[in-house]
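This report describes the architecture of a protein model, part by part. Please look over the sequence and the coordinates before reading on.

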Amino acid sequence: MDASIGPWHRTRCLLYFKIIFLFFKVYALPDDTFSEELLVKPFESGQVLFHFQFTTLWNASTAEPGSFTHYRLFPKALGDVLVKYQVQELHLSLTQGLWRYEKWGYPPEDAPPGVELWVWFLPTVSNIDKTWSDLVNALSGLFCASLNFMDSKSTVLPRWSFRPMGLASEYYSFDSRFMRYSALPKEIVCTENLTPWKKLLPCLSRVGLATLLNAMKLYDSYYSSLGIHVRPVCRTQTCTDQSIELKQTLSVVFDPTISSSGYQNWQLRSLFGDPLTSQCPLASISKVYLDKAHLQSSDATVTLYPEPDEVVNFTRGREKLTYAVWDIGRQISRHQQLNLAIHYNRKIHYGEINPPPVYAQRFITGFGLEKGGITSIIYNNLDTNLTAIYMETIPWFLRLYFSSITITNHGIVVKPYKIHYVPGKDRARNYQLELVFRLRPHSVTKISMQFERAFLKWTEYPPDANHGFYVNSAIISTVLPDAYNYTASPQTSSLLGDSTRDNSTEFFLRLHTETLLVSLPTPDFSMPYNVICLACTVVAIVFGSIHNLTTRRFIAVDPDKQVGIIQKIKNKFKRNKPEEIVAELTASESVDQKNESDIKTKKKEEMG
Amino acid sequence: MGFLSNPKQRQKIIDAVSKYNNKLCVLCYVAGVAWFLALASPYLNAQTYISENALLPGVVGNEFHFTDFDVNAVLKELQEELKKDKGKLPRDWLYSQFRMIGLDTYMQNYSIKYPLHITRGQSVPGQNVYAILRARRTASTEAIVMSTPFRPKGSDLTQTTGGIVLMLGLARHFRKQPYWSKDIIFLVTDHEQIGMQAWLEGYHLIDADYIKPGELPGRSGPIQAAINLEIPSGSLKSFDLKIQGLNGQLPNLDLFNLAVKICNKEGADVTLHQQHNVHSNKAWTLDGFQHTLKTMLKMMWSQAMGLPTGNHGLFHQYHIEALTLQGIHKKKSGDIGLDTTGKIVEGIFRSLNNLLERFHQSFFFYILSSTNRYVSIGMYMPPFGLICAPGLIKAIALWVGLGKETKNKEAKGEKGEKTESGKEEVASDTNDQDREKSEEKTDDQEAEKEISSDEEDEEESFHAGSGILSTVPLLFSSTLMGLLCSMGPHLLASMSGSFRMHIEDGIFYGFLALFTASLIFPKMVGRKTSKGKKLLFDWQLLKCIGLIFQSLVLFSLSLMNISLAFFLGVVIIPITVIVHPTSNRCLLWFQKLLLLLVSPAVLVYLAAMVGTLQEEKFTSLVTLLSKSWANLSRGLLLTLVDQYFFGSWIFIVFSFSVLPTWLVFWGIAFCEPT
């Protein structure tokens with residue numbers, strides 16, 4: 001029996017299997033792709049940016065919930081949320097630290113300190129406010145962040161600052177009704193947010209670039225920002241169908257000069273704890289790019305280990321750029337690992353750093369706890385006019401004076417093209433301000449406004465009331481004519497590597513300024529106890545006499561008048577004897593009368 | 001509280017007060033002064049403690065040392081840079097030093113326009129250098145400042161080169177540490193306090209008239225605390241902590257305690273006004289008491305002056321807690337090196353870094369009798385109240401006396417005297433209360449408002465009766481003198497040029513003239529009587545008003561600057577309570593002499609004398625007097641300049657409350673006795 005199963009039979013079985021497998025493969029032709037990329041950018045100031053980007057493209061659309069049934073690379077946890085709440089676009093960032101534009105140029109994904117979330121809903125959503133609050137709660141659970149605090153008090157509908165980043169009809173993209181924006185500047189971001197974020201990756205953090213994401217190292221950095229960006233994109237060049245794009249980004253800035261005593265040297269092992277030893281098998285692209293812009297300008301000799309697989313020279317705008325590219329798969333097959341390293345032959349020299357074309361500074365002005373102001377200074381180092389949109393959301397307890405909002409440029413008042421102002425309401429709505437105005441070439445524009453600090457109800461103070469209250473970053477949006485210091489991937493493509501093929505002439509820029517910390521008039525919270533004790537004592541002592549004074553009736557009685565017998569008996573039964581007081585009152589009255597008569601006589605005398 | 005409802009009982013108390021008022025006054029005053037001074041004894045004050053838990057002082061080991069940094073070489077380099085140009089400061093050198101460390105380094109340009117035509121309209125330029133160490137994980141929402149004044153080689157003040165080098169070393173060390181949660185601003189200012197004010201105004205974007213702060217190219221968040229270093233180079237013997245700020249404001253007691261605790265931890269001697277702590281076993285003895293009393297009075301004297309004792313003093317008005325750590329350098333002795341000093345500063349900064357909230361836990365109003373004993377506001381207010389009580393008791397007694405007088409005269413049926421009916425008395429009583437309230441409000445506000453309210457009061461009193469009405473001219477003219485005094489400086493300064501006088505002298509002699517003029521004002525207001533020129537006022541009523549106003553001034557002052565209120569009260573109260581017109585010539589002249597002794601001009605001169613005594617040893621009375629005279633004219637100008645530059649209100653207080661009150665009492669001495 002056994003002999004009957006000959007070698008031919010075995011091969012036939014295998015063939016069957018193969019055919020079935022082949023058939024299955026054809027049937028489930030992957031309609032999604034995944035790519036992992038890392039952009040490394042050393043800065044003049046000594047720090048280094050590592051920007052990880054994990055992109056999943058899927059031929060599905062939230063507008064057609066049926067397409068979200070069979071998940072392969074796209075995370076189901078997120079997909080379900082997107083479909084349930086009919087999200088068209090979602091942008092979430094969780095950031096620790098502040099991006100220093102002056103020293104580091106522009107980040108690939110801009111984010112304010114804390115948490116920021118902005119969402120475009122499908123036009124089919126009937127009650128957007130309700131959907132928003134449900135969505136926020138769902139995301140809050142998904143990312144272990146207190147997104148549920150993004151209630152109606154802190155949510156706004158920006159009119160001009162935000163447009164859909166992906167595919168959208170013109171009619172839709174100009175209607176901010178479908179959009180919600182909120183930010184939590186106080187939110188502290190840490191490991192508990194990173195772990196759920198990593199779980200959305202198809203290879204998790206076991207293989208591939210994500211193995212570098214060691215929380216201990218990431219949160220000991222100068223800046224670290226997590227991002228989730230979902231948007232619909234064109235499936236093909238002709239754009240007849242939609243795909244959904246999920247970009248998971250993580251930017252982290254390290255300062256290697258501290259650990260390597262003044263040298264800018266670093267290697268993946270020293271910064272992330274481990275070198276790269278694997279590639280995500282599900283990824284179609286696994287690449288590392290290194291922006292050599294600074295390395296070329298510095299006068300030190302810089303050596304890269306290992307040699308890059310490819311060096312790409314390209315121009316973006318008018319800016320000439322060079323990327324060194326390593327293909328992770330190729331490197332690992334050759335060396336078993338990729339421990340990217342840079343070696344400088346001399347210590348770092350801190351010189352003047354060329355700032356990016358447009359950057360801003362924002363701060364609280366004035367002192368005292370009654371009034372205050374916010375001033376933003378926007379620098380334009382370009383030799384062209386720029387139109388900028390400035391957006392400010394101010395919590396209701398800083399009562400903004402609309403009349404005090406001024407824009408000046410070297411002392412000359414700038415008239416904004418457009419103003420969108422939504423006054424705040426106590427305990428209900430934030431102040432929202434959007435200004436559209438011109439930034440003159442080579443100039444400094446100053447926006448200032450004054451506010452009054454409200455006195456909160458005592459239950460509204462947080463436990464650390466004397467710490468102060470946070471104010472959201474202001475957002476400045478503009479379009480740059482040049483790509484100097486610009487690192488974001490082009491809007492029309494999904495991958496970081498596509499920036500080498502970018503031939504656009506306009507570059508959209510969104511800046512987030514500093515978050516602010518404002519002190520409000522705060523009562524001494526140990527005081528209520530003292531006050532209660534004191535007030536009770538005072539009331540106990542004074543109450544009796546005040547009550548006595550205010551409720552007793554004083555009657556003027558003529559002492560000459562005969563008092564009836566019944567009255568006398570009645571008086572005897574009364575606790576206080578009114579006669580004495582009455583008598584005194586009448587006495588003083590008579591004195592008064594005498595005085596008056598006296599004055600009269602005196603006056604007469606004087607007259608005489 | 002029965003006396004509220006029972007007129008009889010109330011009357012009893014009032015009778016008792018008016019009957020024994022003199023004895024009560026003496027008792028209150030003596031008891032008050034004794035009690036207040038006794039606060040320096042450990043029986044009555046308390047041990048300091050850290051109230052803010054978050055500070056956790058000294059929990060971590062301080063590990064600062066000058067790594068890869070040759071202190072002596074840098075110090076030498078700095079001193080050579082200083083020698084290069086005596087008048088100029090090597091700011092560029094400093095800038096490049098900070099830059100080399102890798103901090104965000106900036107320079108602030110500012111210009112000073114001196115008030116009172118001191119520099120004839122020309123402005124003096126200045127530059128501050130500052131560097132910001134950006135905390136790793138926070139978004140620059142909070143900051144702590146470490147500052148040092150930069151002094152040129154030819155400066156009279158002790159050099160701060162040690163502080164500057166230490167700052168550079170600390171910046172290097174701090175940059176490598178991962179634990180910072182607040183940005184650290186390293187600030188080096190020139191022109192002493194003016195530079196500091198310019199930087200603070202620039203940081204908070206405040207537009208000022210006389211110091212024009214230039215734009216600050218870089219900023220951080222709200223400043224939580226500041227430590228100012230005045231450290232000379234070389235080994236130090238001890239550290240002196242300076243806390244008094246502008247207008248007598250003090251930093252939160254927690255900050256002071258923190259500095260003391262960290263110094264003790266590092267084994268460094270720490271003093272307050274160069275007064276060491278008494279040894280613990282001597283603390284409870286009389287010697288110990290004398291020593292702590294001296295420390296307390298020195299501390300109070302310095303606070304009463306209302307001048308900042310260092311650059312830290314300007315932070316307080318921005319609600320930033322700050323103090324100066326001054327290194328005391330003595331030849332031969334001294335074993336505290338720069339690295340120990342560095343460890344102390346590091347310890348303080350690490351504690352400040354732990355702060356979660358602004359300083360708010362501990363006291364803002366306190367008096368220190370040594371670095372580890374304090375007297376809080378709750379402890380010093382009762383004795384102060386006792387010191388001020390005589391004024392109020394006397395006022396009540398006079399008021400009651402006025403009422404009685406009329407009653408008695410009623411009873412005797414005399415005619416032709418000023419009287420007030422009982423009803424009107426009640427009415428004017430409430431009026432008085434109203435006045436008190438309104439004055440309380442205005443006292444904090446600008447002085448101009450005060451005048452207007454005074455005038456309103458006067459209008460009110462118009463209806464109250466001829467008694468109060470009669471005092472109006474005197475009250476009005478004394479307020480007018482106050483107004484003249486406050487407006488004087490500008491006028492005098494603009495005139496001194498045409499008299500070819502130095503501005504300092506112009507203002508000084510101008511004020512002397514004004515004071516002399518105010519001395520003879522009773523003669524001008526007075527009317528001719530049978531006994532020559534006399535003031536025909538109801539002096540009792542006038543004194544009553546004067547005393548009440550004086551108490552009001554002292555009490556409101558005590559809430560802002562207890563030391564000033566204490567010294568003023570102690571000197572003024574006994575004399576103002578005693579003053580009354582008399583027909584006894586000797587007594588009258590004695591009174592006038594006493595009054596002159598407590599006149600604002602003499603008080604200021606006495607203060608200058610004490611100041612001179614503190615500065616140098618007593619040699620002879622003549623030199624003391626002459627030196628104090630010179631100090632006085634310089635001090636007057638400085639106080640005025642402080643008013644324009646920093647917003648000091650000492651001069652305003654003197655011209656709008658101390659001088660007019662004193663003039664009222666001066667007028668009483670010229671009144672016709674009844």
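Where is the place of T516(B)? T516(B) sits in helix 15 (residues 503–519) of chain B, where helices (H or I, at least four residues) and strands (E, at least two) are DSSP runs numbered from the N terminus.

## Basis of the description

This is a predicted model, in which local features need pLDDT of at least 70 and side-chain atom pairs count only at pLDDT 80 or more, while totals for chains, interfaces and linings use all residues. Residues are numbered from 1 along each chain as its sequence is written, chains are lettered from A and ligands numbered from 1 in the order in which they are written, and side-chain values use heavy atoms, with hydrogens and water left out.

Leaving aside neighbours within four places in sequence, F363(B) is in contact (heavy atoms within 4.5 Å) with Y49(B), P251(B), N252(B), L253(B), Y374(B) and S376(B). The C-alpha atoms of F363(B) and F651(B), 288 residues apart along the chain, are separated by 27 Å.

## Domains of chain B

Chain B is divided into domain 1 (8–47 + 377–407), domain 2 (62–371) and domain 3 (466–537 + 560–674), with bounds that come from an automatic or database domain assignment. The centres of domain 2 and domain 3 of chain B, taken over C-alpha atoms, are separated by 37 Å, and the contact takes 30 residues from domain 2 of chain B and 27 residues from domain 3 of chain B.

## Nonpolar cores

A nonpolar core is a set of buried Ala, Val, Leu, Ile, Met, Phe, Trp, Tyr and Cys residues joined through side-chain atoms within 4.5 Å. The largest such core has 186 residues, of which F36(B), F98(B), F186(B), W199(B), L352(B) and I507(B) touch the most other members; helix 22 of chain B gives the most to this core, with 13 residues. A second, separate core of 90 residues includes F54(A), V156(A), L218(A) and L295(A).

Not counting residues up to four places away in sequence, I507(B) touches L116(B), P489(B), L492(B), A493(B), L636(B), L637(B) and L640(B).

## The second largest cavity

How many cavities of 30 Å³ or more does a search of the whole structure find? The search finds seven, a cavity being a set of points on a 1 Å grid over the protein atoms alone where a 1.4 Å probe fits but cannot get out, with lining residues having an atom within 4 Å of a point.

Among the residues that line the second largest cavity are Q550(B), L568(B), I572(B), V598(B), T661(B), W662(B) and F665(B). Helix 17 (539–560), helix 18 (562–578) and helix 22 (650–669) of chain B are the elements that give two or more residues to this lining, and helix 22 of chain B gives the most, with five residues. By class, the lining has eight nonpolar, four polar and no charged residues, where Ala, Val, Leu, Ile, Met, Phe, Trp, Tyr, Cys and Pro count as nonpolar, Asp, Glu, Lys and Arg as charged, and the others, Gly among them, as polar.

## Chain A

Chain A contains 14 helices and 27 strands, and 51% of its 608 residues count as buried. Of the contacts in chain A with a separation of 6 or more, 76% are accounted for by residues 24 or more positions apart.

In helix 6 (residues 191–199) of chain A, N193(A), L194(A), P196(A), W197(A) and K198(A) are buried. The buried residues of this helix pack against several elements of chain A, including strand 2 (48–58), helix 4 (128–143) and strand 8 (242–254).

## Backbone features

A cis peptide bond, with omega of about -15°, joins Y305(A) and P306(A), and P306(A) lies in the loop between strand 11 (302–305) and strand 12 (310–316) of chain A.

S140(B), although not a glycine, has a positive phi of about 55°; S140(B) lies in the loop between strand 3 (123–133) and strand 4 (143–149) of chain B and counts as buried at 5% relative accessibility. Q274(B), likewise not a glycine, has a positive phi of about 60°, is placed in the loop between strand 9 (270–272) and helix 9 (286–305) of chain B, and counts as partly exposed at 47% relative accessibility.

Technical notes: On a 1 Å grid over the protein atoms alone, a cavity is a set of points where a 1.4 Å probe fits but cannot get out, and a pocket is an open set with protein on both sides within 12 Å along at least five of seven lines; lining residues have an atom within 4 Å of a point. Grid points are joined across faces, edges and corners, and a volume is the space filled by probe spheres set on the points. Buried means under 20% relative accessible area, exposed over 50%, partly exposed in between (1.4 Å probe, protein chains only).
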